[in-house]
Amino acid sequence: QHFFNSPLPLKGKKALVSAGPTQEAIDPVRFIGNHSSGKMGYAIASALQSLGATVTLISGPTQLPTPPKVNRHDVTSAQEMLVACSTYFEASDIIVMSAAVADYTPIEVASQKIKKKDVNLEIALKKTTDILATLGEKKTAKQTLVGFALETDNELQNAKDKLKRKNLDYIVLNSMQDKGAGFAGDTNKVTVIDNKGGMQQFELKSKKEVANDIVTLIAAHQAAINS
Ligand code: CTP
Ligand code: CA
């Protein structure tokens, strides 16, 4: 009860947030990447900090400044992000995985720059470890675990499947079909689905406001756990 009325409802709580893209090296000068800006994850880290949480931000390469009073840990590859997230996971009450982790990485990294030769070039890739699913297997009843889903089709069903498969409390569905939503911009339109069958659709708004909506749900979940 007083948890909710407190100006700092997450005081004493530890939070882990992943953000940004990962980069998977092909050779010393090239990588496979994606268009994630990191803005959504950084906004969530900032919002959690504002509610009193001690926040660690595991960040792939971004152009963003570190949010005030957030402990930032930079990584490059999916494997490095897995190691960093695994290190902080157990001690964390709140875990939000907003990073756009590469699903595939080169099987071998060429030690020298690959020279231009034939018309076609094939690079053999292998699956990366699913960080969120790995953490989901270890989740305890005290933890709030939140994932994101980026879908272009069959959105709700795909997001619900991910929520179940990865053992999450909430999944934030980012629709690529909405104008003004997605990777690069400052706005987003999301639907949040919980593991009890509940669903909330939010309007198009700034990523900062979307972060506040998500963090409000997280604070309520933590309050319920602690009551
Ligand atoms: N994720 C992760 N590790 C990966 C891939 C994804 O932790 N190797 C996390 C993302 O941070 C996100 C969630 O899983 O919170 C869903 O990511 P998404 O790319 O939408 O789903 P995938 O499970 O990778 O499935 P697909 O890309 O095939 O839709
Ligand atoms: Ca993916």
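Helices (H or I, at least four residues) and strands (E, at least two) are DSSP runs, numbered from the N terminus. The model is predicted, so local features need pLDDT of at least 70 and side-chain atom pairs count only at pLDDT 80 or more, while totals for chains, interfaces and linings use all residues. Residues are numbered from 1 along each chain as its sequence is written, chains are lettered from A and ligands numbered from 1 in the order in which they are written, and side-chain values use heavy atoms, without hydrogens and water.

D103 is located in the loop between β6 (94-97) and β7 (104-106). The calcium ion (ligand 2) is coordinated by D103 (OD) and D103 (OD), at 2.4 to 2.6 Å. Donors are N, O and S atoms within 2.8 Å of the metal (3.2 Å for Na, K and Ca); water is not among the atoms, so sites may look incomplete.

D103 also has a polar side-chain atom 3.1 Å from an oxygen atom of ligand 1. A polar contact is a pair of N or O atoms within 3.5 Å; within protein, one must be able to donate a hydrogen and the other to accept it, and residues adjacent in sequence count only if both atoms are side-chain atoms. A backbone N or O atom of I131 is 3.0 Å from a nitrogen atom of ligand 1, and a polar backbone atom of F148 is 2.9 Å from an oxygen atom of ligand 1.

In the shell around ligand 1, α4 (131-138) and β9 (144-151) each supply at least two residues. The most come from β9, with 4 residues.
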